[in-house]
Structure formats: C-alpha cells, structure tokens
Amino acid sequence: MKYILVIGDGMADNPVPALGGKTPLQAACIPTINAMAARGVVGHTVNCPKPLPAGSETAILSIFGCDPLKWFTGRSPMEAAASGIRLAPGDVAYRCNIISLEDADCPYEEKKILSHSAGSIDGASALEVVEILEKDPEFRRAEEEAKVVIHRFPAFRQIAVQSGAEVKGIHLIPPHDHLGEKQGAYLPSGCPNAAVLDRLMRIAHRVLDRHPFNARRRAAGKLPANGIWFWAEGTAVALPDFKAQYGHTGGVISAVPLCHGIGVLRGLEMIEVEGATGEIDTNFEGKLQAALDLLHTGAEFCCLHLEAPDECTHNGDLEGKVQSITWLDSRILKPLFAALEAEGTEYRVLLLSDHKTLTATRGHDGDPVPFLLYDSRTDTGFGGVYDEPTGMAGPFLERGCDLLSVLFEQKSL
C-alpha cells in the first residue's frame, strides 16, 4: 500500500465574481480529482486553529500530524531546518523577504507594498540583492550591531538569524497579507528589538532603492527589489519522529523550504526537483517523476506539495491560479495514478488545500478547507466532486492534525 499526500497550497478560495461566482477549484478542469471524489470522501477541516496565523506555517504543520497549538514556535525555524541552518540557544530565525515598495515621493512609512516577492524575483537576482546589502558599509555595520546574519538563497525567501535576541511581545506581519497597502501600520513593533529590525529594513531600502541594479530592473519593466521584510520569527523546534508515530517512511517533494523543513524535522526525506520554482512555471513533470521514483524505492509515503496556486493568488493572477490547479490534475495526478494502477499498486490519497488564499484580498484565510480521501480498493458511491461547497457539506474533522491518522487507517472519519 502506498500513501500519497497532495497539498495544493492556497487553492481553496471563496466565490469569485470574475469566475461567475465560482471558486478557482470549481472553474479549474480537474477530472482526475473529481473522479477520485466520486469514489471517495470529501469533507472539511481546520488546519489553522485560532489564535495562530492563517498560513502555511500553521497549516502544513497541522497536515503533517503535529497539533500547531502544541508544536508551533514560528515559521522560520522550520524553513531553516530545510537549509541545514542550526539554531543555537538564544537564536531567533526570521523570514527575510525581498520585496517591492512603490516608487513614490513620500515618507518611508507611506510607501505601499507592491509585491512580497519583488515580482517573483529570479534566483540570481535575489542573490545579487543580498550581495549589494552585504557590501554596503552602513547596512553591514547595522547588521553586525544587531547580531543578524542573512543566509543567502536563490529566491525571494531569505532566512535571517539573530543571536541573543529578545522577541517577547514582538509584532511582525506577513507582507503578502497587505499588498497594495501603506506599510507604516505593519512595520515591526511591540518590543525594543522591533526597532532594531525596523532600522535594518529602512537602511536596506535606502541602499537598494537608488542602486543601479534597480535602475536596470525598472528600465526592463520589472518591479524594483528595493526592500527587505522581516517576519515569521521563531526559535528552535524539535518535532516527533514520523515513522515512530505512523510506522511509515517517505519523503517530501516541494519547492518551498517550509514544507521541506517540517518534513526534515519529522525525519522524512527532502526531495528537491530541478526547475521546481514554487511558481506556475514550476517543473510539473519533474515533480511527477520524483514521486514515482520515491514510491519505487520502497517508501510507503509521498507528499507532493504545489505552491503555485498560492503564489498566483498573491500576485493577483487569477488565470494562473486556475491554470495551476488544472495542471496539478493533468500533469501530475493523472499520470501518477495511471502509472500506479498499471503496476497494480494499491494506494490511498489525501488531497487538500492547506488554507484558503483569497482572490479578493490576495491574502490567506483560516476558514475550514475541503479535503478528499480516496482509496483505490474501494468505491464509496459518493458521486460528488471536490470543491469548497461539497467539502462543507461533508464530514467535519475538527483538527487537521488528525488527517494523516485517517489516511494511514489508524482513525476513521
């Protein structure tokens, strides 16, 4: 028996007027998923229990079987784990996004956040941004005074680690939840260390905004990479062993450090796919092949994570969101399940969105999301489809952290 977890990050949504009142899930062409729904069970669950953040840091931890109310210590330590960054006692990790602030003749606080990812900046350019900052004497001096080290990655997602930091009461807000808004109300606050981070962000903007690097980006019609944003603070965390809890081995296929990091902390294999970007241009066929390769090694469990629906929503790309869900069905799941069936392999599937990402706001929402449970050996006769209304009409699993126990047949709905 093979067990497959499929996470379509942020693909759940509310009805969208531009889609005639349908959700992106309802507008997408997903015959493979709907065929599984017709023979399986569609219900709804809560992956983001209050008062925790409505985001993947909470939701994916929950989906991986860890109650976030017990195990959540912040997003960044989980991302750091995927990158081999070890946090010492007293260290605090932060996500350090490379962002775009509007080009406007106004005070720093009044500038709007245009993009949480500097327009989905490419890897080489992201590395260049960090190099520009590290070479600037003022930024470098402020970084050393703050005891902050930025670990470079070829993406908008950087990780910063601060030694001996006190973050009690700090208030750091995800930039993707406030796109198009003036940043002043969302800058670091709540404790003395917030002012330290705020200073670094202001210096970074001064350095980057006037740099020839961004002059070239503007001339090419690209958004400037003219800011950094600290958020998702957290301290080191140790998660329970996956095999000890469920009795199965496996791996995680994703382009996102958070998803990989949670897997690593649980003892699962981290599988990176060349060309996997976390965007709609990701390597769908590479992810398919990685899943088949993993399942052919003897591993019983495979997690397939697709970030594209979430990023498309943050970028205001409704067409891309619908297309990415369609391609999840046609370019990954259809050939994956066809291959397993041709081999005579029995399998169970848990498919769901980790959280809602709303087209209306371009931000996350912690409302219940639909899940689909399918077993190749049985036909429930349900006859339904996979979407939000169907999920809400189906069984309710109060805690998303119990879903894997259902997948592994240790619990029933």
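This is a short talk about strand E6 and the residue that opens it, Arg 157.

Hi everyone. We're looking at a predicted model, where local features need pLDDT of at least 70 and side-chain atom pairs count only at pLDDT 80 or more, while totals for chains, interfaces and linings use all residues. Residues are numbered from 1 along each chain as its sequence is written, and side-chain values use heavy atoms, with hydrogens and water left out.

So, E6 covers residues 157-162. Strands here (E, at least two residues) are DSSP runs, numbered from the N terminus.

What are its partners? Strands pair if DSSP finds at least two bridges between them. E3, residues 92-101, runs antiparallel to E6 with six bridges, and Val 92 sits opposite Gln 162. E5, residues 148-151, is also antiparallel to E6, with four bridges; there, Ile 150 faces Ala 160. A hairpin of five residues links E5 to E6.

Now, is Arg 157 buried or exposed? Buried means under 20% relative accessible area, exposed over 50%, and partly exposed in between, using a 1.4 Å probe and protein chains only. Arg 157 comes out at 7%, so it counts as buried. Leaving aside residues up to four places away in sequence, Arg 157 touches Arg 95, Cys 96, Val 256, Pro 257, Glu 307 and Glu 311. Contact there means heavy atoms within 4.5 Å.

And the rest of the strand? Six of the six residues of E6 are buried, so the strand is largely enclosed by the rest of the structure. In a regular strand, side chains alternate between the two faces of the sheet. In E6, one side carries Arg 157, Ile 159 and Val 161, the other Gln 158, Ala 160 and Gln 162, and both faces are covered. Thanks, all!
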